[in-house]
Structure formats: structure tokens, C-alpha cells
Amino acid sequence: MRADRLVATLLFLQTRGRVTVAELAAELETSERTARRDLEALAASGVPVYSQRGRGGGWSLVGGARTDLTGLTADEIRALFLIAGPLSTTPASRTALRKLVRALPSPLRSGAEAASRAQISDTLDWSRSPVAAQGSHLDALRHAVVDGIQVRLGYARPGSPAGERTVHPLGLASKAGAEYLVAGTDRGMRIFRLSRITHVEPTGAPVVRPDGFDLAEAWRSLAARMEDRMLSATVHAHADADAEPVLRGLFGSRLRIMGPLPNSRMEIEVDGPSVEVVAAQMAGLGRRVEVLAPPKARQRLASLAGELAALYGPAGNDPTAAAGGSGGPEHSRTPHPA
């Protein structure tokens, strides 16, 4: 990515003092044209870099700075590489990290190398499933955001077939271990969870960024709207007091203890995206929780109870009957067609 190259260029300049475009291109494995553009970009952004023509000329930093690393201390460098290390999961990022280490003044390299190896990032959960879409989708979206290119996005919501839409990638955000894309759409700004993206195809058309767009501000606004939807329903219930740890594990801060009740019970409220969802989550606690309101939550639990009774009740609790065994006439079941 260009940001990596600009940082590597700056550090290379500080280490070498004066470099030619050809030397920089060889170090960063880019074309001389790209190296020259990066040097010019540094100068345009206010970095005190200048060029000198003629024999023995090249590009230098004003003052010939070689070891100050733009004011970063050894502790700050270690902090930077502690962050960068776990993110170096692709060949390109690992190569960039190695170049940054080589560009550091020698007294600071060992600490930076140790920091870069101090952490790793494992993107699989304990069932060996990826916790978020990584690899090609994430890389493609990063490039689309940085290069300002619209993409055709394949996206599958839970329980729905994948659809395709053209979006304007504006930024990436990470929340609670999951990655999200912030993008402009024909229906306004939206967020897309990367684990639900099926494919990414650049269109070549430029992104249209809203005037004054700020990623952090946009994310806060979108996240607040999402959180409001996730907490739009409240279920009122009575529960056994000793069920509180289980309820905390299920609902976290969405659980509110309203007060104690007789017989070691307590009054609780739980927020969620819908009363049906909250009721289904409570169903696993059986009689330890009694849902009182709203009526729709009680209806959902009654429906679930009927389904479970039909499957596991007296007429269906003999697995030998389901397998064609001799469970007696009261246990016989008609086999399903293949």
C-alpha cells in the first residue's frame, strides 16, 4: 500500500542520508516512476525532503537527519512494531515490515524486531472457522478504499441468498474482532460485515466521497444506529437468582437486574433485536426463567415448547423407533422419504 511505501521511503532517507531515485526504487522494489512520485508526495505533504541535481545529487532530508526517526523514541518504535507485527499476515505486509526494520538506525533494530515477533493474530475461532473474511476480500477492499475505486460487492445476509450491489468504499472498521466496510450506496451510507462478503470486483469508476467525510465520525453514527436496532425490544421476566451467571454470559450488559423476589427469584429485563430472538435465547434455561411480557415473547416460547414436545415428547422419544427398531406400536414412526 502507498502508506507503507511512504513510511519506508522516509526511513530509508533517514538511514542513507541521500538517495537516488534508482536506489529507492531498488530498495522498495518499485519502478523509478513510482519512487519519484512517492518522493514528490512526501515533499508536497510538508516533509522536509528536497532534490539536488547533477553529479552526486539525489534526494535528502533537510539537515541530513539520519538517526532521529522523525522524533520517535525507542519505546514509541516498540509500540509501533507491537501493533504492526500481528497485522503482517500477507507476503506484502511481511515484506514491508522487514523493510521498515532494515531502514531503522542499527541501535533500534533489535528492539523493533523483538516487538514485531511478540504477538501473532489467529483469525480462526476454536471450531477452526474464520472469524472474519480475510485474504483476498480484505486486501481488495483495502486497495479499493485507498485507491478510491468503486466495487461490485457480493453480500449474503443470514438466511438470504447472496446479492450484488455497487458501492463506494470509504473505510474499514474493526469492532469486537469483526471487520466491517463503510461504504456509500444508492440508499445512503451503510456498513457491511466482511464475513458476509462473497466477492469483490473493482469497477474502475472513482469513489464519490461525501463532502467533509470523516471515517471515525461516520462509524460512530452508523454503529449507534445499528446498536439501536440491536436493542429495540425488551423482555420482562422472573428468574432464579442462581441463574444470573448464565444470563450474564448470554446477554452481557443487555441484562438488567430490577430487584430481588421471594423464593430466591429476581426480576429482570433483557434487551435484544426482537422479542422472538430474546425469548428463543431464554428458552434454554427452562423453568429457571419465566417470561412475563410482552405477550409475543410468551407466544414464541409456547410455539417452541410445542415443537420440542412433538420432537422429544412421549411419541418421539424412542430413537430405536426412528431407526426402524422394535419400539412397539406406540413408538412406530413413518420413515421420511429419501
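Start with the whole chain and its contacts (heavy atoms within 4.5 Å): among those between residues at least 6 apart in sequence, 57% join residues at least 24 apart. This is a predicted model, in which local features need pLDDT of at least 70, side-chain atom pairs count only at pLDDT 80 or more, and totals for chains, interfaces and linings use all residues. Residues are numbered from 1 along each chain as its sequence is written, and side-chain values use heavy atoms, with hydrogens and water left out.

Next, switch to a cartoon view. You will find 12 helices and 12 strands, taken as DSSP runs (helices H or I, at least four residues; strands E, at least two) and numbered from the N terminus. Of the 338 residues, 33% are buried, meaning under 20% relative accessible area with a 1.4 Å probe, protein chains only.

Now select residues 21–28, which form helix 2. Show the side chains of Val21, Leu24, Ala25 and Leu28: these are buried. Looking down the axis of helix 2, you see its buried residues within an arc of 100 degrees (from the directions of the C-beta atoms from the axis), so they line one face of the helix. Then step on to glutamate 29, which follows helix 2 and has a positive phi, near 60 degrees.

Finally, colour by pLDDT, the predictor's confidence in each residue from 0 to 100. The average is 80, and 78% of the residues score at least 70. Where pLDDT is low, the predicted coordinates should not be read in detail.

Note on methods:
Buried means under 20% relative accessible area, exposed over 50%, partly exposed in between (1.4 Å probe, protein chains only).
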